[in-house]
Amino acid sequence: MKILHVTYTVKDGKREEFHKKVVDQGIAARSRTEEGCLAYDYFFPVDNANELFLLEIWKTPEDAEKHMQSAHFAELGELKKEYVTGVKFGRYLAESM
């Protein structure tokens, strides 16, 4: 499995708007339907109103790589240009359970 922790720092006061666009454009939903996607979930940290946390879990590292080649991943990249000021990544490999 490949587990990704992604923390977006979003422009001041724009977190909910950014998240709404991700949902409304179907980016999250399409990601969840990809082969090998075990989780693709956004969370709102309670201690920072300008952060949005994304947890991705993929069955294999190759599935995660395919995701990064998708059209909706490119759409997310365009939204990030408009809303995101920084991104922190955590990447982990785990044996399947």
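First, a term: a salt bridge is a side-chain nitrogen of Lys or Arg within 4 Å of a carboxyl oxygen of Asp or Glu. Second, the ground rules. This is a predicted model, so local features need pLDDT of at least 70 and side-chain atom pairs pLDDT 80 or more, while totals for chains, interfaces and linings use all residues. Residues are numbered from 1 along each chain as its sequence is written, and side-chain values use heavy atoms, with hydrogens and water left out.

By the salt-bridge rule, the count comes to eight. Take one: Lys21 with Glu82, closest N and O atoms 3.8 Å apart. That pair links distant parts of the chain, with Lys21 in helix 1 and Glu82 in helix 4, 61 residues apart. Helices here are DSSP runs of H or I, at least four residues; strands are runs of E, at least two; both are numbered from the N terminus.

Now those two helices. Axes are lines fitted to C-alpha atoms, for helices over the stretch in contact, and angles run from 0 to 180 degrees between N-to-C directions. Who makes the contact, meaning heavy atoms within 4.5 Å? Helix 1 gives Glu17, Phe18, Lys21 and Val22; helix 4 gives Leu76, Leu79, Lys80, Glu82 and Tyr83.

Four strands form an open sheet, order 2-3-1-4, with antiparallel pairing. Two strands pair if DSSP finds at least two bridges between them. The edges are strand 2 (37-43) and strand 4 (84-93), each pairing on one side only. Strand 1, residues 2-10, pairs with strand 4 over nine bridges. For Ile3, the bridge partner in strand 4 is Tyr92.

Finally, helices on strands. Helix 1 lies across strands 1, 2, 3 and 4, at about 35° to strand 3. Helix 4 lies across strands 1, 2 and 4, at about 135° to strand 4.

Notes: Contact means heavy atoms within 4.5 Å.
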